[in-house]
Amino acid sequence: MAKPQEKVSFGERLKQIGQVFSFTAKQDKWFVPLVIGAVAIPVALTVTAVLLGLGLLWIPVGVLVTLLAVLIVLNLRSNAAMMNVAEGQPGAAASLMENMRGDWRVRPAASSTTQFDMVHVVIGRPGVILLAEGNPQRVRALLGQEKKRLSKVIGNAPLYDYVIGTEEGQLPVRKLRTTMLRLPRNLTGKDVNALDKRLGALMARPQMPKGAIPKNMRPSKGAFRQQRPR
């Protein structure tokens, strides 16, 4: 089941906005000039309206318009900055899905290799969605294995798959959110809960990553002899 959203106090919300503001200013050189413009233009228009004798009512209107303009700039530029940072980072797709609004059940790296190729499984109203990250050739094989495994429990639920990347035929991270929101709502909330339980039971048994096991993870030669019954 999706966890209920925790209530955030006004002070905590302001702190979060400040953190986003600072992050965006460091990543985007145009952010601060755009914010200055978003403040200067409404203020100038408000001052002009007051000087022309149109009434003091324009002062609160100007304040509200200024705040709205700053928030719009912050939202647009912070999203772009986060996409730029996330692009190419392992696990970025799963992280973005976990922070999306709505009922999305995300299982990061449900299948993976030791070369950091991974397939994330997402359950939502559209159905089951597989998001693959890593080497295109290896993740294609990984996607095929995951489809075969999931076919045992998903029944008639729609299955979508995407390879995350910037090459032709791949889905860029910056377009992931809009692509997910455009998918049709094929399942009801009850269907999503039932599907989530079935997939949870299937994935309760962890899978070993595909590929060679690193030396520091291999058991010692005597480990198997010690476990052998006498």
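Modeller: A polar contact is a pair of N or O atoms within 3.5 Å; within protein, one must be able to donate a hydrogen and the other to accept it, and residues adjacent in sequence count only if both atoms are side-chain atoms. This is a predicted model, in which local features need pLDDT of at least 70 and side-chain atom pairs count only at pLDDT 80 or more, while totals for chains, interfaces and linings use all residues. Residues are numbered from 1 along each chain as its sequence is written, and side-chain values use heavy atoms, leaving out hydrogens and water.

Colleague: Which side chain does D196 make a polar contact with?

Modeller: The side chain of D196 contacts that of R105, at 2.9 Å.

Colleague: Is D196 buried or exposed?

Modeller: D196 counts as buried because its relative accessibility is 11%; buried means under 20% relative accessible area, exposed over 50% and partly exposed in between (1.4 Å probe, protein chains only). D196 belongs to helix α7, residues 189-202; helices are DSSP runs of H or I with at least four residues, strands runs of E with at least two, numbered from the N terminus.

Colleague: Turning to the largest nonpolar core, which residues touch the most other members?

Modeller: Of its 20 residues, these are V121, V128, L130, L150, I154, L195 and L199. Such a core is a set of buried Ala, Val, Leu, Ile, Met, Phe, Trp, Tyr and Cys residues joined through side-chain atoms within 4.5 Å.

Colleague: And which element gives the most to this core?

Modeller: α5 does, with 4 residues.
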